[in-house]
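Visitor: I am new to this structure. Please show me how to read some of its features.

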Amino acid sequence: MAELETLLIRSKADLALIGVPPLFPSEKYGYMVPKRMDKEDYLNICYFKEKPTTEEAARLVSEHAYWNCGVFAFKLGFLVRMMQEMELPTNYHELLHVYKDLEKISFDYAVLEKAKQIVALPYNGPWKDLGTWNTLTEEMGSRQIGHCYVSNDCHNTHVVNELNIPVAVIGLENTVVAVSPDGILVTEKDSSPTIKEVLKHHTLRPMYEERRWGWYKVLDHARQVNGHEVLTKRISIKPGYNLSYQKHFARSEVWTIIKGEGLFAFEGTIRLVQSGDVLVIPLGTKHAIKAISELEIIEVQSGTQLVEEDIIRLYMSWEEIEEICGNHEDGYTDSTMRIVSV
């Protein structure tokens, strides 16, 4: 990456990439074709081609094209100018507000293909794109991960199970079975790259996410006839980390502490909470929590629009939160808040 930065400054290009000479014509990778008569120690890129047919890939290889490794280096000013040309806000909070309305398109299509001057460093070492299941399984040390059983009559079949329930696979060949909180995939290996095309119109919420502070898993989601929703999550916060001081406009929450202890900030006060406490957080109230030891919470959201975008983050660091709240109390004086120890 340091070499890319140096190249970007030296060439005065918009973008700098890494290119790998193709080992064979492949439909799975993006290609970049260099300009003719390059005398530099880097490539000046003429154009790109994403996911070509086998015939197109063969032609690109004959034109001395390179595989695009998907590693980008650019100056911040370049991206800011592109956002301005697209009439997008460059302020973080304004951009966050419209983020959900942006077109779901890859960086390659949205930015790379529109850049005017692009350079690339050739790389001749070993490289493999692990962006598809068939290439990922070629690098797996075992044909099964997680709680699963694969029968002896399965050939070239891999199973990845992230759930705590058993998965049995019998009599399959050249197959990938992937089981996660987000869903279950069963695919013939060569067909696995088409999953993006198959699911491009499905807008499902993430069922599991890892964050800087820990992780959360969606346990249940129910929608009633009148539009009211209830969403249940299990949240784990690492010791010393905290959720932001935030509020919501479309939902209330109930947090049940099931493990550990932490500091809970609510409407200007902070207090110690621990396993067994139940925290009721009405709609629109400001709240945050910091884990002293590993903290696990069952969160039940209730409202009319249970989406991740329904959040106003007021302060991110616990130091800021303590400064704003300014005091610690053994109990709550706010009449809209209650803690029930169970």
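Guide: A salt bridge is a side-chain nitrogen of Lys or Arg within 4 Å of a carboxyl oxygen of Asp or Glu. Here R211 forms one with E209, their closest N and O atoms being 3.2 Å apart. The model is predicted: local features need pLDDT of at least 70, side-chain atom pairs count only at pLDDT 80 or more, and totals for chains, interfaces and linings use all residues. Residues are numbered from 1 along each chain as its sequence is written, and side-chain values use heavy atoms, with hydrogens and water left out.

Visitor: How many salt bridges does the structure hold?

Guide: There are ten. In one of them, the side chains of D41 and R10 meet at 3.3 Å, N to O. D41 lies in the loop between β2 (31-34) and β3 (43-49), while R10 is in helix α1, 31 residues apart. Helices (H or I, at least four residues) and strands (E, at least two) are DSSP runs, numbered from the N terminus.

Visitor: Is D41 buried or exposed?

Guide: Buried means under 20% relative accessible area, exposed over 50%, and partly exposed in between (1.4 Å probe, protein chains only). D41 is exposed at 52%, and R10 is partly exposed at 46%.

Visitor: Which residues of helix α1 are buried?

Guide: In α1 (residues 2-11) they are L4, L7, L8 and S11. These cover an arc of only 100° around the axis, so they lie on the same side of α1; the arc is that of the directions from the helix axis to the C-beta atoms. On the other side, A2 and E5 are exposed.
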